[in-house]
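Thanks for coming. I will go through one model, a few regions at a time, and keep to what was computed from its atoms.

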Amino acid sequence: MCAVLRSAPLGRPALADHASQFVLLERAVEDEYRPRMLDALQEKVNAVAELVQVAAPSCARCGQPMRRHDTRPVSWVAHFGCLRARVSRYRCPACKFECRPLLDVLGVEPGRISGSLARLLALLAAVAPYPLAARLAWLLLGVAISPMGIWRAAQRLGQAAANYSDGLSQYHADSRGEGAPTHDAPETVVLSVDGCALGMQVRTQRRRRTGAEKLPALAAIEEGHFREVKTGVLLLPHERVETSPGRHSVVRRFLVSCLGDADAIFHRLYAQLRELGWLGTNTMVVVVGDGAEWIWNRATWFVHRCEILDFWHALEHAWGFARLRYGDGSQQADQWVHQIAEDLRAGKVQDVISRLKRLRPKTPQLRESLESLIRYYSENAGRMRYDEYLRLGYGIGSGAVESAHKQVVHARLRQAGMRWSEAGARRLLALRLLLLNDHWALLDRLQMVALA
């Protein structure tokens with residue numbers, strides 16, 4: 001008989017009596033110098049206050065000299081702690097306009113989170129849900145803040161970023177606006193665009209708390225209540241590199257996204273091209289799409305263009321017919337689609353269409369599927385010269401924009417159970433674009449926007 005072998009029970013993992021010596025040293029230094037950094041920052045604020053409050057300012061509206069109305073202590077929250085200053089308020093005798101020059105110069109608001117701390121909290125909100133971002137704020141920054149505090153910082157800075165993006169789009173939509181210099185504009189730019197669905201909240205008005213009562217429950221989510229987020233990718237063909245055999249990556253790309261219609265995303269793509277200086281008089285704009293009419297209708301905005309139907313979407317339509325004809329998962333279907341792919345890649349789209357027209361399907365469902373496939377290939381035949389596109393280095397797939405969807409939208413806004421207000425989605429999309437385009441430093445030059 002075989003003996004039954006039993007493993008000995010595992011013991012509890014051993015723990016050291018305390019954290020490592022270096023970890024303790026790091027934390028001791030942080031605890032020691034954080035108050036000093038706060039004191040040093042307070043001294044600099046005091047120095048600015050002495051310079052600003054020497055003379056009364058002139059009214060920004062009517063230009064008349066203003067008079068000091070009162071001086072009160074004001075505090076706000078920064079990365080190292082709470083800062084305080086005595087702030088004078090001035091009032092214009094003529095038009096009654098009021099201002100507090102010190103707060104205007106510092107760019108802070110009484111009782112609010114300001115400066116680099118607000119930018120760091122918005123950064124956490126751009127990569128993690130608000131409750132998790134609040135925990136990360138404590139672990140990474142040593143700042144105790146509620147999820148609502150994280151939300152408020154992200155909403156205000158996100159609105160500032162969204163306003164900047166809208167303003168940039170409107171500026172470049174005007175033919176009188178000057179873009180970046182185009183003397184170094186590339187010969188070819190690849191533009192890929194697509195859309196994905198985002199779940200939206202269903203409510204007619206904002207919930208309000210009455211006294212100590214709990215907030216009323218959110219309205220039930222209606223099935224199919226979604227909005228489309230459109231995302232575009234701009235890249236240069238010569239900046240593609242082969243990271244491994246058969247696998248390519250791009251050195252640089254620029255992402256554009258919006259919760260809007262087709263015109264809105266193309267306005268933003270056009271503005272980004274002009275802002276980069278990538279749209280010269282002879283620049284060829286290669287537009288890659290999945291066959292949606294809204295893409296081709298707006299590709300005509302670019303005089304010099306090349307329209308490409310995504311190769312993999314073209315094969316998806318072939319797979320739909322093959323599964324009906326040969327059966328899902330059959331070897332015949334695989335071989336048939338493989339031959340279609342080889343011919344399309346070789347630029348033989350007319351041969352493929354002719355071969356499809358010679359087929360005689362026996363069932364109405366097969367006939368309908370075949371007619372749809374022939375119609376799709378015939379309408380897009382001018383966009384399926386894949387051999388020429390590969391020779392020119394344009395690429396034939398929309399993988400860049402599919403990846404962009406996952407990074408811009410899915411990774412943050414399409415987690416389990418998430419539903420968004422329109423304003424909240426727009427603001428968070430604006431922040432994620434700054435992060436993924438490596439433009440986060442732009443927030444330092446944008447003023448936080450008050451929420452309605």
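Let me start with strand 4, which is joined to strand 9 (residues 284-289) by 5 bridges, the two running parallel. Before going further: this is a predicted model, so local features need pLDDT of at least 70 and side-chain atom pairs count only at pLDDT 80 or more, while totals for chains, interfaces and linings use all residues. Residues are numbered from 1 along each chain as its sequence is written, and side-chain values use heavy atoms, with hydrogens and water left out.

Some terms. Helices (H or I, at least four residues) and strands (E, at least two) are DSSP runs numbered from the N terminus, and two strands pair if DSSP finds at least two bridges between them.

Back to strand 4. How many of the 12 residues of strand 4 are buried? Buried means under 20% relative accessible area, exposed means over 50%, and partly exposed is in between, with a 1.4 Å probe and protein chains only. The count is 11 of the 12 residues in 188-199, so strand 4 is largely enclosed by the rest of the structure.

Two residues next. Ser257 lies in strand 8 (residues 254-258) and is buried, with a relative accessible area of 6%. What does the side chain of Ser257 reach at 3.3 Å? That is the backbone oxygen of Lys230. The Ser257 side chain also makes a polar contact with the side chain of Thr231, at 3.2 Å. A polar contact is a pair of N or O atoms within 3.5 Å; within protein, one must be able to donate a hydrogen and the other to accept it, and residues adjacent in sequence count only if both atoms are side-chain atoms. Leaving out residues up to four places away in sequence, Ser257 touches several others, including Val229, Ile265, Arg268 and Val408. Contact here means heavy atoms within 4.5 Å.

The second residue is His405, in helix 13 (residues 399-413). His405 counts as buried, at 3% relative accessibility. Not counting residues up to four places away in sequence, His405 touches Asp194, Gly195, Cys196, Val229, Thr231 and His410. Take Val229: in sequence it is 176 residues from His405, yet C-alpha to C-alpha they are 8.8 Å apart in space.

Strand 1 and strand 2 (residues 81-91) are joined by 11 bridges, and a hairpin of 2 residues connects them. Across that pairing, Arg68 stands opposite Tyr90, and Arg67 has Arg91 as its bridge partner.

Last, the aromatic side chains. Rings of Phe, Tyr and Trp (its six-membered ring) pair if their centres lie within 6.5 Å; planes under 30 degrees apart count as stacked, over 60 as edge-to-face and the rest as tilted. The structure holds 10 such pairs. In one of them, Phe311 and Trp312 have ring centres 5.0 Å apart and planes at 80 degrees, so the pair is edge-to-face. Phe311 is buried, with a relative accessible area of 1%. Phe311 and Trp312 form one aromatic cluster with Tyr386 and Tyr389.

Another pair is Tyr326 with Trp336, which is tilted: 6.5 Å centre to centre and 50 degrees between the planes. This pair links helix 8 (residues 311-326), which holds Tyr326, to helix 9 (residues 331-345), which holds Trp336; the two residues are 10 apart. Are they buried or partly exposed? Tyr326 is partly exposed at 23% relative accessible area, whereas Trp336 counts as buried at 15%.

That is the end of my tour.
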